[in-house]
Amino acid sequence: MATVLPLKGILYNPEKIADSAQVTTPPYDVIAPDEQAAYYERHPYNVIRLILGRTQATDTASDNPHTRSANFYRQWMADGILKQEDQPALYLKAITYAHEEKKITRYGLIARVGLEPFEKRIILPHEKTFSKVRSERLQLMKATHCNYCPIFSLYPDDGNILGTLEQAADNSAPIVDFTDDQDHRHQLWRILDPAVHRQVAAAMQDKRLFIADGHHRYETALNFRKHLKETEPSFNDRHPANYVLMYLCSMSDPGLIILPAHRLLKAVSAADLRQAMVKVGSYFEVSRHPFTAGDRQRVERDFMAALNDGGPRQRLGIYAHRSPIFYLLTLKPGVMDRLFSDQLDASLRLLDVTVLTRLLFMKILGFDQNRLDNEQLIGYASTADKAFHAIDTGTYDVAFILNPTRIEQVQEVAQKGLIMPRKSTYFYPKVKSGLVMNTLKE
């Protein structure tokens with residue numbers, strides 16, 4: 001079902017770039033403006049110039065972040081900063097990091113994967129996307145004809161594909177080995193053996209792939225192929241744009257972690273929140289956790305422990321600007337079934353993010369789809385500390401604190417052909433941009 005092939009990857013030239021930590025970044029969509037500026041300052045060949053260029057007041061249709069990205073890319077290739085490999089390869093990627101005081105290693109395969117429309121149910125999404133982001137990414141791809149960062153996907157590894165790759169890379173030194181700002185160690189091995197390529201391709205043929213991170217980029221790849229079909233008479237089934245760069249991770253990899261995607265909202269007044277808290281009592285059991293400056297840390301720990309100890313019941317936390325109270329909401333039994341059984345599949349009804357989006361945001365706060373789509377009014381944080389800081393500083397008005405979605409929930413929703421609310425998951429750590437790139441030109 002899934003077509004997984006080697007590629008002649010484009011990598012930073014180690015003769016020109018000694019430390020990949022200086023030139024790689026997280027994916028574009030998790031980079032804050034201050035981080036973008038820092039990456040610009042870090043190194044003149046940092047991949048930030050390709051994936052998330054600076055906007056300028058003088059930008060035009062012919063001179064903008066996308067066209068400048070294409071110019072940088074072409075110049076770096078010409079100057080040997082970036083270099084395309086001579087032979088097709090599969091790339092084994094390892095990241096070693098600390099989580100909850102344990103050291104964990106997660107592995108992934110970087111390869112070309114044949115594009116498939118979602119309705120064929122070979123490659124499956126699990127989240128909604130923003131149409132504005134898809135449009136912006138398409139403009140970048142039209143300008144550059146390159147995948148700068150792999151899409152993060154998952155596969156069921158009952159055939160021990162990972163073991164095959166590890167064995168192939170055994171006793172060889174990684175071609176890339178560095179530690180980033182978060183103290184995460186990244187290693188990359190090049191696998192050239194055609195027999196291994198065939199073995200992996202055969203093992204992947206009966207797999208369904210689940211997009212974990214990069215839904216916008218996958219949909220953009222589909223739209224880019226459609227654009228080329230309509231505009232290039234020579235386009236055919238062998239064109240590189242029939243494929244997209246992917247990082248494939250086993251669903252059973254112990255290093256696969258999902259963090260929550262806490263919601264941060266602007267334009268929610270104290271009066272709005274007071275009215276909402278009056279209504280929530282019909283649907284949730286509400287407990288208050290007031291704090292003072294002297295006992296905040298202890299109360300915060302107790303609040304988070306209670307949030308994470310909900311068992312089968314859905315729990316949400318609320319924290320608002322200039323309000324010294326953490327609110328803990330525990331969903332009453334049967335509420336989601338009573339309200340949404342005729343609208344939502346059971347696999348979606350009891351997701352924490354569905355409870356938040358459909359019940360709290362839409363029914364209680366009265367948000368419509370335009371409000372939920374407005375990226376200027378909604379943000380996300382992968383840790384409670386970051387969420388609380390955003391509220392304390394007044395960057396956002398209110399935070400909604402969630403428990404993480406489980407991998408089994410992602411798989412069930414995707415297999416049923418259903419879609420979770422946006423940002424239902426935060427797979428951690430993210431896959432680096434700039435390690436391996438993939439040209440879409442013939």
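Reader: Why is the pairing of the R185 and D177 side chains called a salt bridge?
Author: The term stands for a side-chain nitrogen of Lys or Arg within 4 Å of a carboxyl oxygen of Asp or Glu. The N to O distance for R185 and D177 is 2.7 Å, so the pair meets that cut-off. The model is predicted: local features need pLDDT of at least 70, side-chain atom pairs count only at pLDDT 80 or more, and totals for chains, interfaces and linings use all residues. Residues are numbered from 1 along each chain as its sequence is written, and side-chain values use heavy atoms, with hydrogens and water left out.

Reader: What makes R185 and D177 count as buried, partly exposed or exposed?
Author: Buried means under 20% relative accessible area, exposed over 50%, and partly exposed in between (1.4 Å probe, protein chains only). R185 has 36% and D177 has 39%, so both values fall in the middle class.

Reader: Which residues lie on the covered and uncovered faces of β9?
Author: V176 and F178 are on the covered face, D177 and T179 on the uncovered one. In a regular strand the side chains alternate between the two faces of the sheet.

Reader: What are the accessibility classes of D59 and R68?
Author: D59, at 25%, is partly exposed, whereas R68, at 15%, is buried. Their closest N and O atoms are 3.0 Å apart, and the two form a salt bridge. The structure holds 22 salt bridges.

Reader: Where do D302 and R298 lie?
Author: Both are in helix α9, 4 residues apart, about one turn of the helix. D302 is partly exposed at 39%, as is R298 at 44%. Elsewhere, salt bridges that share partners join D59, D63 and R68 into one network.

Reader: How do you know that the buried residues of α14 are on the same side?
Author: In α14 (residues 384-392), A384, A387, F388, A390 and I391 are buried. They cover an arc of only 155° around the axis, which puts them on the same side of α14; the arc is that of the directions from the helix axis to the C-beta atoms. The face turned away from them carries the exposed residues D385, K386 and H389. The buried residues of α14 pack against elements including β14 (262-265) and α9 (296-307).

Reader: What makes a set of residues a nonpolar core?
Author: Its members are buried Ala, Val, Leu, Ile, Met, Phe, Trp, Tyr and Cys residues joined through side-chain atoms within 4.5 Å. The largest has 65 residues, of which L154, F284 and L359 touch the most other members. Helix α12 (residues 352-364) gives the most to this core, with 7 residues. A second, separate core of 30 residues includes A2, V4, L92 and Y155.

How values were computed:
Helices (H or I, at least four residues) and strands (E, at least two) are DSSP runs, numbered from the N terminus. Contact means heavy atoms within 4.5 Å.
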